[in-house]
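Welcome! Try each task before you read its solution.

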Amino acid sequence: METLELLGATMGLGALSGISLYLTVFVVGFSLNMGWLILQPGLEPLEALAEPWIWTLALVFYLLEFFADKVPWVDSLWDAIHTIIRPVGAMFVSITVLGQTHPSVEVLGALLAGGAATTTHLTKSGTRLLINSSPEPVSNVVTSVFEDVIVVVGSILTVRYPLYAMGAVIIFAIIFVFLAPRIFRMAKAYWIFVLGKLNVNGSRQSELKTYLPHEFDIALRRLFGVEEKVEWSLPCLTGKLKGVGGHVRGYLVKTSARNRIYFVGKKSFRVITSLVTSDVFKVENREGFLYDELVFYQETAGVFGKFRFSKKHQVSVKQVCQQLEQDVAPTPVVASSSSLQQVS
(Lines give C-alpha, C1' and ligand atoms only; values in the text may rest on other atoms or scores of the structure.)
Protein backbone atom coordinates (compact mmCIF):
# COMPACT_ATOMS: atom_id res chain seq x y z
CA MET A 1 0.00 0.00 0.00
CA GLU A 2 2.85 2.38 0.82
CA THR A 3 4.39 1.83 -2.63
CA LEU A 4 1.03 2.55 -4.29
CA GLU A 5 0.69 5.77 -2.32
CA LEU A 6 4.19 6.80 -3.40
CA LEU A 7 3.35 6.11 -7.04
CA GLY A 8 0.01 7.90 -6.63
CA ALA A 9 1.73 11.01 -5.30
CA THR A 10 4.29 10.75 -8.08
CA MET A 11 1.66 10.55 -10.80
CA GLY A 12 -0.50 13.29 -9.29
CA LEU A 13 2.32 15.77 -8.86
CA GLY A 14 3.67 14.82 -12.27
CA ALA A 15 0.36 15.59 -13.95
CA LEU A 16 0.10 18.93 -12.15
CA SER A 17 3.69 19.75 -13.09
CA GLY A 18 2.66 19.42 -16.73
CA ILE A 19 0.35 22.37 -16.15
CA SER A 20 2.70 24.43 -13.99
CA LEU A 21 5.88 22.85 -12.65
CA TYR A 22 6.88 25.92 -10.65
CA LEU A 23 3.51 26.43 -8.95
CA THR A 24 3.31 22.73 -8.02
CA VAL A 25 6.73 22.78 -6.34
CA PHE A 26 5.98 26.08 -4.61
CA VAL A 27 2.57 25.05 -3.24
CA VAL A 28 3.82 21.74 -1.85
CA GLY A 29 7.10 23.13 -0.53
CA PHE A 30 5.62 26.26 1.05
CA SER A 31 2.68 24.37 2.58
CA LEU A 32 5.05 21.87 4.16
CA ASN A 33 7.33 24.64 5.41
CA MET A 34 4.39 26.44 7.03
CA GLY A 35 3.03 23.25 8.56
CA TRP A 36 -0.20 23.40 6.56
CA LEU A 37 0.38 19.93 5.14
CA ILE A 38 1.01 16.83 7.25
CA LEU A 39 2.68 14.06 5.30
CA GLN A 40 1.37 10.52 5.51
CA PRO A 41 3.78 7.74 6.45
CA GLY A 42 5.93 6.92 3.46
CA LEU A 43 5.77 10.39 1.92
CA GLU A 44 8.46 11.87 4.17
CA PRO A 45 10.89 12.41 1.25
CA LEU A 46 8.62 15.28 0.13
CA GLU A 47 10.04 17.26 3.05
CA ALA A 48 12.94 18.07 0.72
CA LEU A 49 10.64 20.50 -1.13
CA ALA A 50 10.11 22.41 2.14
CA GLU A 51 13.63 23.82 1.94
CA PRO A 52 13.18 27.63 1.65
CA TRP A 53 15.60 28.01 -1.24
CA ILE A 54 13.68 25.43 -3.32
CA TRP A 55 10.19 26.88 -3.00
CA THR A 56 11.55 30.44 -3.19
CA LEU A 57 13.22 29.69 -6.51
CA ALA A 58 10.03 28.00 -7.70
CA LEU A 59 8.07 31.11 -6.69
CA VAL A 60 10.37 33.38 -8.71
CA PHE A 61 9.92 31.28 -11.85
CA TYR A 62 6.17 31.02 -11.22
CA LEU A 63 5.85 34.82 -11.06
CA LEU A 64 7.45 34.99 -14.50
CA GLU A 65 5.07 32.30 -15.72
CA PHE A 66 2.10 34.06 -14.12
CA PHE A 67 2.45 37.05 -16.43
CA ALA A 68 3.64 35.16 -19.51
CA ASP A 69 0.75 32.72 -19.21
CA LYS A 70 -1.87 35.45 -19.57
CA VAL A 71 -0.65 37.14 -22.75
CA PRO A 72 -1.91 35.68 -26.07
CA TRP A 73 0.85 33.90 -28.02
CA VAL A 74 3.40 34.62 -25.30
CA ASP A 75 1.74 31.77 -23.39
CA SER A 76 2.13 29.44 -26.38
CA LEU A 77 5.78 30.42 -26.71
CA TRP A 78 6.24 29.75 -22.99
CA ASP A 79 4.57 26.35 -23.40
CA ALA A 80 6.84 25.52 -26.33
CA ILE A 81 9.93 26.32 -24.26
CA HIS A 82 8.62 24.12 -21.42
CA THR A 83 7.79 21.11 -23.59
CA ILE A 84 10.91 19.41 -22.23
CA ILE A 85 11.28 21.31 -18.94
CA ARG A 86 7.94 20.26 -17.44
CA PRO A 87 8.20 16.49 -18.03
CA VAL A 88 11.87 16.41 -16.96
CA GLY A 89 11.08 18.54 -13.91
CA ALA A 90 8.21 16.19 -13.04
CA MET A 91 10.64 13.27 -13.17
CA PHE A 92 13.00 15.00 -10.75
CA VAL A 93 10.08 15.70 -8.40
CA SER A 94 9.12 12.03 -8.61
CA ILE A 95 12.64 10.99 -7.57
CA THR A 96 12.27 13.27 -4.56
CA VAL A 97 8.89 11.77 -3.68
CA LEU A 98 10.11 8.19 -3.94
CA GLY A 99 13.19 8.75 -1.81
CA GLN A 100 15.28 5.66 -1.09
CA THR A 101 13.18 2.95 -2.70
CA HIS A 102 13.95 0.01 -4.94
CA PRO A 103 15.61 1.14 -8.20
CA SER A 104 12.84 -0.45 -10.27
CA VAL A 105 10.23 1.60 -8.38
CA GLU A 106 12.26 4.76 -8.95
CA VAL A 107 12.42 4.10 -12.70
CA LEU A 108 8.70 3.29 -12.85
CA GLY A 109 7.82 6.39 -10.85
CA ALA A 110 9.97 8.65 -13.04
CA LEU A 111 8.39 7.26 -16.20
CA LEU A 112 4.86 7.61 -14.83
CA ALA A 113 5.52 11.18 -13.68
CA GLY A 114 7.10 12.17 -16.98
CA GLY A 115 4.26 10.58 -18.95
CA ALA A 116 1.59 12.24 -16.82
CA ALA A 117 3.32 15.61 -17.19
CA THR A 118 3.55 15.17 -20.95
CA THR A 119 -0.16 14.43 -21.33
CA THR A 120 -1.28 17.43 -19.29
CA HIS A 121 1.30 19.70 -20.93
CA LEU A 122 0.18 18.73 -24.45
CA THR A 123 -3.46 19.19 -23.47
CA LYS A 124 -2.73 22.62 -22.02
CA SER A 125 -0.60 23.83 -24.94
CA GLY A 126 -3.13 22.56 -27.49
CA THR A 127 -5.98 24.30 -25.68
CA ARG A 128 -4.00 27.54 -25.57
CA LEU A 129 -3.37 27.42 -29.31
CA LEU A 130 -7.10 27.09 -29.88
CA ILE A 131 -7.86 29.99 -27.54
CA ASN A 132 -5.20 32.17 -29.17
CA SER A 133 -6.98 31.95 -32.52
CA SER A 134 -9.19 34.67 -31.06
CA PRO A 135 -7.19 37.88 -30.51
CA GLU A 136 -9.07 38.98 -27.38
CA PRO A 137 -7.07 38.42 -24.14
CA VAL A 138 -9.90 37.76 -21.67
CA SER A 139 -10.15 34.03 -22.37
CA ASN A 140 -6.38 33.64 -21.81
CA VAL A 141 -6.57 35.27 -18.39
CA VAL A 142 -9.61 33.24 -17.31
CA THR A 143 -8.06 29.98 -18.53
CA SER A 144 -4.73 30.72 -16.83
CA VAL A 145 -6.38 31.52 -13.49
CA PHE A 146 -8.48 28.35 -13.74
CA GLU A 147 -5.34 26.29 -14.37
CA ASP A 148 -3.62 27.87 -11.36
CA VAL A 149 -6.57 26.99 -9.15
CA ILE A 150 -6.44 23.38 -10.37
CA VAL A 151 -2.73 23.17 -9.55
CA VAL A 152 -3.08 24.70 -6.05
CA VAL A 153 -6.05 22.55 -5.03
CA GLY A 154 -4.72 19.47 -6.83
CA SER A 155 -1.29 19.68 -5.20
CA ILE A 156 -2.76 19.71 -1.70
CA LEU A 157 -5.23 16.91 -2.45
CA THR A 158 -2.53 14.80 -4.08
CA VAL A 159 -0.34 14.91 -0.97
CA ARG A 160 -3.29 14.13 1.28
CA TYR A 161 -4.99 11.51 -0.89
CA PRO A 162 -2.36 10.01 -3.23
CA LEU A 163 -4.47 6.98 -4.19
CA TYR A 164 -7.33 9.19 -5.38
CA ALA A 165 -4.79 11.21 -7.33
CA MET A 166 -3.59 8.03 -9.03
CA GLY A 167 -7.15 7.16 -10.04
CA ALA A 168 -7.77 10.65 -11.44
CA VAL A 169 -4.56 10.56 -13.49
CA ILE A 170 -5.39 7.11 -14.89
CA ILE A 171 -8.85 8.29 -15.96
CA PHE A 172 -7.37 11.39 -17.56
CA ALA A 173 -4.77 9.28 -19.37
CA ILE A 174 -7.46 7.01 -20.82
CA ILE A 175 -9.41 10.02 -22.08
CA PHE A 176 -6.21 11.52 -23.47
CA VAL A 177 -5.45 8.37 -25.48
CA PHE A 178 -8.75 8.78 -27.33
CA LEU A 179 -8.34 12.54 -27.80
CA ALA A 180 -4.60 12.58 -28.53
CA PRO A 181 -4.89 12.31 -32.35
CA ARG A 182 -7.29 15.25 -32.45
CA ILE A 183 -5.13 17.27 -30.08
CA PHE A 184 -1.99 16.63 -32.15
CA ARG A 185 -3.76 17.53 -35.41
CA MET A 186 -5.19 20.69 -33.86
CA ALA A 187 -1.84 21.78 -32.41
CA LYS A 188 -0.09 21.12 -35.72
CA ALA A 189 -2.77 23.02 -37.62
CA TYR A 190 -2.56 26.10 -35.44
CA TRP A 191 1.23 26.19 -35.59
CA ILE A 192 0.89 26.18 -39.37
CA PHE A 193 -1.52 29.11 -39.11
CA VAL A 194 0.81 30.96 -36.74
CA LEU A 195 3.77 30.57 -39.12
CA GLY A 196 1.57 31.63 -42.02
CA LYS A 197 0.50 34.72 -40.11
CA LEU A 198 4.14 35.63 -39.51
CA ASN A 199 4.89 35.10 -43.21
CA VAL A 200 1.83 36.93 -44.51
CA ASN A 201 3.89 39.72 -46.07
CA GLY A 202 6.11 37.26 -47.86
CA SER A 203 3.44 36.00 -50.26
CA ARG A 204 1.65 38.60 -52.34
CA GLN A 205 1.33 36.59 -55.54
CA SER A 206 -1.18 33.89 -56.35
CA GLU A 207 0.05 30.38 -55.57
CA LEU A 208 -2.56 28.40 -57.50
CA LYS A 209 -0.78 25.44 -59.05
CA THR A 210 -1.66 22.04 -60.46
CA TYR A 211 0.93 20.30 -58.29
CA LEU A 212 -0.07 17.50 -55.92
CA PRO A 213 2.18 15.10 -53.99
CA HIS A 214 2.47 11.83 -55.89
CA GLU A 215 0.46 9.71 -53.45
CA PHE A 216 -2.28 12.36 -53.34
CA ASP A 217 -2.36 12.57 -57.14
CA ILE A 218 -2.76 8.82 -57.52
CA ALA A 219 -5.52 8.57 -54.89
CA LEU A 220 -7.45 11.51 -56.35
CA ARG A 221 -7.37 10.31 -59.94
CA ARG A 222 -9.34 7.25 -58.91
CA LEU A 223 -12.32 9.59 -58.50
CA PHE A 224 -11.81 11.46 -61.76
CA GLY A 225 -14.10 11.11 -64.74
CA VAL A 226 -13.01 10.69 -68.34
CA GLU A 227 -10.58 13.43 -69.44
CA GLU A 228 -10.88 15.18 -66.07
CA LYS A 229 -7.74 17.14 -65.18
CA VAL A 230 -6.52 19.25 -62.27
CA GLU A 231 -6.98 22.98 -62.88
CA TRP A 232 -5.58 24.16 -59.56
CA SER A 233 -4.74 22.95 -56.05
CA LEU A 234 -4.36 24.95 -52.85
CA PRO A 235 -2.92 23.75 -49.49
CA CYS A 236 -5.50 23.82 -46.70
CA LEU A 237 -6.70 22.18 -43.51
CA THR A 238 -10.22 21.00 -42.95
CA GLY A 239 -12.40 22.85 -40.50
CA LYS A 240 -15.32 20.52 -41.10
CA LEU A 241 -15.86 17.87 -43.75
CA LYS A 242 -18.20 14.92 -43.54
CA GLY A 243 -16.30 11.65 -43.40
CA VAL A 244 -12.95 13.40 -42.90
CA GLY A 245 -13.14 15.48 -39.72
CA GLY A 246 -11.27 18.60 -38.67
CA HIS A 247 -7.65 19.78 -38.79
CA VAL A 248 -6.70 17.34 -41.55
CA ARG A 249 -3.93 18.73 -43.74
CA GLY A 250 -4.23 18.41 -47.52
CA TYR A 251 -5.26 20.19 -50.71
CA LEU A 252 -8.43 21.68 -52.10
CA VAL A 253 -8.50 20.72 -55.79
CA LYS A 254 -10.56 22.05 -58.72
CA THR A 255 -10.74 19.99 -61.89
CA SER A 256 -11.75 20.74 -65.47
CA ALA A 257 -15.15 19.10 -64.90
CA ARG A 258 -17.89 21.60 -64.06
CA ASN A 259 -18.62 21.96 -60.34
CA ARG A 260 -16.11 19.25 -59.39
CA ILE A 261 -14.06 20.19 -56.33
CA TYR A 262 -12.19 17.66 -54.24
CA PHE A 263 -10.28 17.45 -51.00
CA VAL A 264 -7.31 15.12 -50.70
CA GLY A 265 -5.23 14.81 -47.54
CA LYS A 266 -3.64 12.48 -45.05
CA LYS A 267 -5.11 11.36 -41.75
CA SER A 268 -3.58 8.76 -39.43
CA PHE A 269 -0.96 7.91 -42.09
CA ARG A 270 -3.71 7.16 -44.61
CA VAL A 271 -4.52 9.15 -47.75
CA ILE A 272 -8.17 10.17 -47.87
CA THR A 273 -10.18 11.79 -50.64
CA SER A 274 -13.58 13.45 -50.72
CA LEU A 275 -15.76 15.03 -53.39
CA VAL A 276 -16.65 18.39 -51.88
CA THR A 277 -19.45 19.26 -54.29
CA SER A 278 -20.91 18.50 -57.66
CA ASP A 279 -24.24 20.32 -57.38
CA VAL A 280 -25.50 23.87 -56.88
CA PHE A 281 -23.75 25.61 -54.00
CA LYS A 282 -22.44 28.90 -52.73
CA VAL A 283 -19.17 29.71 -51.05
CA GLU A 284 -18.54 32.10 -48.19
CA ASN A 285 -15.06 33.51 -47.71
CA ARG A 286 -14.46 34.38 -44.06
CA GLU A 287 -11.35 36.43 -43.46
CA GLY A 288 -10.09 35.79 -39.94
CA PHE A 289 -7.29 36.92 -37.69
CA LEU A 290 -5.25 33.73 -37.91
CA TYR A 291 -6.56 32.05 -41.05
CA ASP A 292 -9.06 32.46 -43.88
CA GLU A 293 -11.90 30.01 -44.27
CA LEU A 294 -14.00 28.90 -47.22
CA VAL A 295 -17.42 27.53 -46.28
CA PHE A 296 -19.19 25.41 -48.89
CA TYR A 297 -22.98 25.26 -48.87
CA GLN A 298 -24.93 22.63 -50.77
CA GLU A 299 -28.44 23.43 -51.89
CA THR A 300 -30.01 20.49 -50.10
CA ALA A 301 -27.57 19.76 -47.26
CA GLY A 302 -26.62 23.23 -46.01
CA VAL A 303 -23.02 23.55 -44.82
CA PHE A 304 -21.08 20.70 -46.37
CA GLY A 305 -17.47 21.60 -45.77
CA LYS A 306 -15.18 24.19 -44.20
CA PHE A 307 -11.60 24.64 -45.33
CA ARG A 308 -9.01 26.79 -43.58
CA PHE A 309 -6.07 28.45 -45.30
CA SER A 310 -2.88 29.94 -43.95
CA LYS A 311 -2.71 33.72 -44.21
CA LYS A 312 0.22 33.42 -46.60
CA HIS A 313 -2.28 32.03 -49.15
CA GLN A 314 -4.81 34.85 -48.80
CA VAL A 315 -4.23 36.14 -52.35
CA SER A 316 -4.87 32.67 -53.74
CA VAL A 317 -8.01 32.25 -51.63
CA LYS A 318 -9.47 35.43 -53.11
CA GLN A 319 -8.61 34.24 -56.59
CA VAL A 320 -10.35 30.93 -55.88
CA CYS A 321 -13.50 32.79 -54.90
CA GLN A 322 -13.44 34.78 -58.11
CA GLN A 323 -13.08 31.62 -60.17
CA LEU A 324 -15.86 29.85 -58.32
CA GLU A 325 -18.13 32.82 -58.91
CA GLN A 326 -17.66 32.41 -62.64
CA ASP A 327 -17.59 28.62 -62.77
CA VAL A 328 -20.30 27.14 -60.58
CA ALA A 329 -23.91 26.95 -61.68
CA PRO A 330 -26.46 28.32 -61.83
CA THR A 331 -25.61 31.60 -60.05
CA PRO A 332 -23.49 31.18 -56.95
CA VAL A 333 -23.17 33.77 -54.25
CA VAL A 334 -19.70 34.41 -52.92
CA ALA A 335 -19.84 36.31 -49.67
CA SER A 336 -17.01 37.80 -47.66
CA SER A 337 -16.86 38.71 -43.98
CA SER A 338 -14.12 40.73 -42.34
CA SER A 339 -14.18 38.81 -39.07
CA LEU A 340 -14.11 35.09 -38.53
CA GLN A 341 -16.00 33.56 -35.66
CA GLN A 342 -14.00 30.65 -34.32
CA VAL A 343 -15.56 27.34 -35.28
CA SER A 344 -14.21 24.35 -33.37
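Contact here means heavy atoms within 4.5 Å. This is a predicted model, in which local features need pLDDT of at least 70, side-chain atom pairs count only at pLDDT 80 or more, and totals for chains, interfaces and linings use all residues. Residues are numbered from 1 along each chain as its sequence is written, and side-chain values use heavy atoms, with hydrogens and water left out.

**Exercise 1. Get an overview of the protein chain.**

Step 1: Turn to burial. Of the 344 residues in the protein chain, 50% are buried (under 20% relative accessible area; exposed is over 50%, partly exposed in between, with a 1.4 Å probe and protein chains only).

**Exercise 2. Find which helices the buried residues of H5 pack against.**

Step 1: Locate helix H5 at residues 138-160. H5 has 23 residues and reaches 34 Å from its first C-alpha to its last, close to the expected 33 Å (1.5 Å times one less than the number of residues).

Step 2: Pick out its buried residues, among them Asn140, Glu147, Asp148 and Val159.

Step 3: Look at their partners. The buried residues of H5 pack against helix H1 (2-34), helix H2 (52-68), H3, helix H4 (103-132) and H6.

**Exercise 3. Decide whether Asp75 is buried or exposed, and list what Asp75 touches.**

Step 1: Find Asp75 in helix H3, residues 74-98.

Step 2: Check its accessibility. Asp75 counts as buried because its relative accessible area is 0%.

Step 3: List its contacts. Leaving aside residues up to four places away in sequence, Asp75 touches Ala68, Asp69, Arg128, Asn132 and Asn140. Asn140 is one of the buried residues of H5.

**Exercise 4. Describe the surroundings of strand E1 and name its pairing partners.**

Step 1: Count the buried residues. In E1 (residues 230-241), 9 of the 12 residues are buried, so the strand is largely enclosed by the rest of the structure.

Step 2: Follow the pairing (at least two DSSP bridges between two strands). E1 pairs with strand E2 (residues 249-255) in the antiparallel sense over 7 bridges, and Pro235 stands opposite Tyr251 in E2.

Technical notes:
Helices (H or I, at least four residues) and strands (E, at least two) are DSSP runs, numbered from the N terminus.
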